[in-house]
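Dear colleague,

Please find below the structure that I promised to hand over. My notes on what was found in it follow directly after.

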Amino acid sequence: MVDRFERFSLIMAEISRCWHKLAVEEMERLGLKGGHVTYFLALARNEEGLTASQLCEDYGKDKSDVSRMMAILEQKGLVKKEGGHQKGYRGVFVLTEEGWKIADYVRYKSGIAARVAGKELTDEQRAALYFAMEGIAASMRNMCQNGGIPEE
């Protein structure tokens, strides 16, 4: 059991570390931070926009990270806040025309990375991998929301 946990943890950590390194390299070319990748992908996936609270809840970001990262994107003219409450947490962040260009670039490069990383998988193996990962994530999320690791 411990061997399985260690193997899983090490694999996930390596994937995360490598993805972060690639994101940093790509975004630095644009004068942005690697952490902005998540925000571009999230906003591109939600064309109607997202509130700061939604970014926190749906994408696992804390309030300070959302505030800091979105302020940078607003300052660069890549994101704007719309709605009756443009100050604070009630406005909705949407991509600007320039923001969409970068979001499309991020999606394009992310697609290449995913294809190259998974080139050895068949469609059936890929489907099984995502099914298993979604199940593991749901179980982990359940433990986090319900008091931690249960006694056996």
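In these notes a residue is called buried when its relative accessible area is under 20%, exposed when that area is over 50%, and partly exposed in between, with a 1.4 Å probe and protein chains only. Please bear in mind that this is a predicted model, in which local features need pLDDT of at least 70 and side-chain atom pairs count only at pLDDT 80 or more, while totals for chains, interfaces and linings use all residues. Residues are numbered from 1 along each chain as its sequence is written, and side-chain values use heavy atoms, with hydrogens and water left out.

On confidence, pLDDT is the predictor's own confidence in each residue, on a scale from 0 to 100. The chain has a mean pLDDT of 91, and 95% of its residues reach 70 or more. Helices (H or I, at least four residues) and strands (E, at least two) are DSSP runs, numbered from the N terminus. Confidence is highest in helix α5 (residues 97–117), at a mean of 96, and lowest in helix α3 (residues 52–59), at 89.

The sheet comes next, where two strands are said to pair if DSSP finds at least two bridges between them. Three strands make up an open, antiparallel sheet in the order β1-β3-β2. Its edge strands, each pairing on one side only, are β1 (50–51) and β2 (79–82). Four bridges join β2 to strand β3 (residues 92–95) in the antiparallel sense; K81 stands opposite F93, and E82 has V92 as its bridge partner. In a regular strand, side chains alternate between the two faces of the sheet.

Helix α2 (residues 36–45) lies across β1, β2 and β3 and runs at about 95° to β3, where axes are lines fitted to C-alpha atoms (for helices over the stretch in contact, meaning heavy atoms within 4.5 Å) and angles run from 0 to 180 degrees between N-to-C directions. This helix is mostly covered, with eight of its ten residues buried, among them H36, Y39 and F40.

Finally, the charged side chains: a salt bridge here is a side-chain nitrogen of Lys or Arg within 4 Å of a carboxyl oxygen of Asp or Glu. The count by this rule is eight salt bridges. One of these joins K21 and E25, at 2.7 Å from N to O; K21 and E25 are four residues apart in helix α1 (residues 2–28), and therefore separated by about one helical turn. Both ends are partly exposed, K21 with a relative accessible area of 48% and E25 with one of 32%.

R126 is partly exposed at 26% relative accessibility, while D123 is exposed at 59%.

E26 and R29 also form a salt bridge, with their closest N and O atoms 3.1 Å apart. Here E26 counts as buried at 17% relative accessibility, whereas R29 is exposed at 61%. Together with K109, E26 and R29 are linked in a network of salt bridges.

With best wishes
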